[in-house]
Amino acid sequence: MPRPLQALIHTGALRHNLARARAAAPDAKVWAVVKANAYGHGIERVYEGLRGADGFALLDLAEAERMRALGWRGPILLLEGAFEPRDLELCSRLDLWHVVHQEQQIDWLAMHKTHAPHRVFLKMNSGMNRLGFTPDAYRAAWTRLDALPQVDEITLITHFSDADGPRGIARQLALFNVTTQDLPGERSVANSAATLRHMDERGLRSDWVRPGIAVYGSAPDFPEHDAVHWDLRPTMTLRSRIIGVQHLRPGDTVGYGSAFTADQAMRIGVVACGYADGYLRVAPTGTPVLVDGLRTRLVGRVSMDMLTVDLEPLRQAGLTADVGSEVTLWGRAGNGAVLGIDEVARAAGTVGYELMCALAPRVPVDVTD
Ligand SMILES: *Cc1c(COP(=O)(O)O)cnc(C)c1O
């Protein structure tokens, strides 16, 4: 029998969350962002749930090839554009739209031989200081691109650093709007947080929205709002079973470093899941876990292949968890109870994005509805 650890990808939830993003931006076209192997879910595994999108955004050229291999003929956007001149050959061959965020990419385009001109997304650094032309340089870049026979339509794009938090988007949006004032072309400015929180903001126009995390059922602004608030459903479940039980007496400790000490007699369950599976080693005692769909907590240090959970809340509820009992690390339990990935991430000092992206290749994955 294989090790009882398994991830499930929920096609129906992907479809539902995509519809939620669409409803939040009813006039926009929707890029489903599938970078990082669809946020750890697997591009091939999310395709069925997300094929209702208007396009797919990603940044790895090999992932773009995989999208085409799946039969997707619609738009694909390379969010970081070309990394070297020959990447443009693949763009021509597979009809990939690409971001242009720095001068060399324009040089490469100018030298590129192509029959069909490219659709490009000209990126402005409106304050995040990651990728893009500064507002000072933006219009000159636009003029240069517009003059190239290799370039077809130019879409104007920027990315917000604080759409999920109290700083908001107003400053960046104002800078973007002033700089692009009379430039023609579609605009794409909204990630998940901007799509869910700021679509009604004055001056915000996003002909294409770019939701990523929301599509995967995680709230971009947790803990201010949770997935239930935004009506998002978990798209990934990580489930295992108890493979051993220990009875602790007061003063007994658990695991490496004896990081947890029992202050009373208690049963703990040993779960087949560890940091080699992508569960975070830094997740501390108290991190929420579901056993047979009932909420309890992690105790002690996470090790490579195992972690340990407190079975006392089950006993108090009149249930006897034992070897074979189902354990849900995040997502949906067999009885329908949900443990939000955001809650688990928060306990470990990170965000849902990191947990889903970290799912290890050794974990078998099934696609269900
Ligand atoms: C990753 C990414 C997104 C999606 O962000 P989420 O917070 O997951 O919605 C949108 N735009 C760009 C440029 C990105 O790199």
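Biologist: Is strand 6 buried or exposed?
Modeller: Buried: seven of the seven residues of strand 6 (residues 118-124) are, so the strand is largely enclosed by the rest of the structure. Buried means under 20% relative accessible area, exposed over 50% and partly exposed in between, using a 1.4 Å probe and protein chains only. Strands here are DSSP E runs of at least two residues, helices are H or I runs of at least four, and both are numbered from the N terminus.

Biologist: What kind of model is this?
Modeller: This is a predicted model, where local features need pLDDT of at least 70, side-chain atom pairs count only at pLDDT 80 or more, and totals for chains, interfaces and linings use all residues. Residues are numbered from 1 along each chain as its sequence is written, and side-chain values use heavy atoms, leaving out hydrogens and water.

Biologist: Back to strand 6, which residues sit on each side?
Modeller: H118, V120, L122 and M124 are on one side, with R119, F121 and K123 on the other, and all are buried. In a regular strand the side chains alternate between the two faces of the sheet.

Biologist: Which strand pairs with strand 6 over six bridges?
Modeller: Strand 7 (residues 151-158), in the parallel sense. Pairing takes at least two DSSP bridges between two strands.

Biologist: New topic: what does UniProt say about K35?
Modeller: Its unreviewed entry annotates K35 as "modified residue: N6-(pyridoxal phosphate)lysine", though annotations may be inferred rather than shown by experiment; positions follow the numbering used here and feature names are shortened. K35 lies in helix 2 (residues 35-39) and is partly exposed, at 29% relative accessible area.
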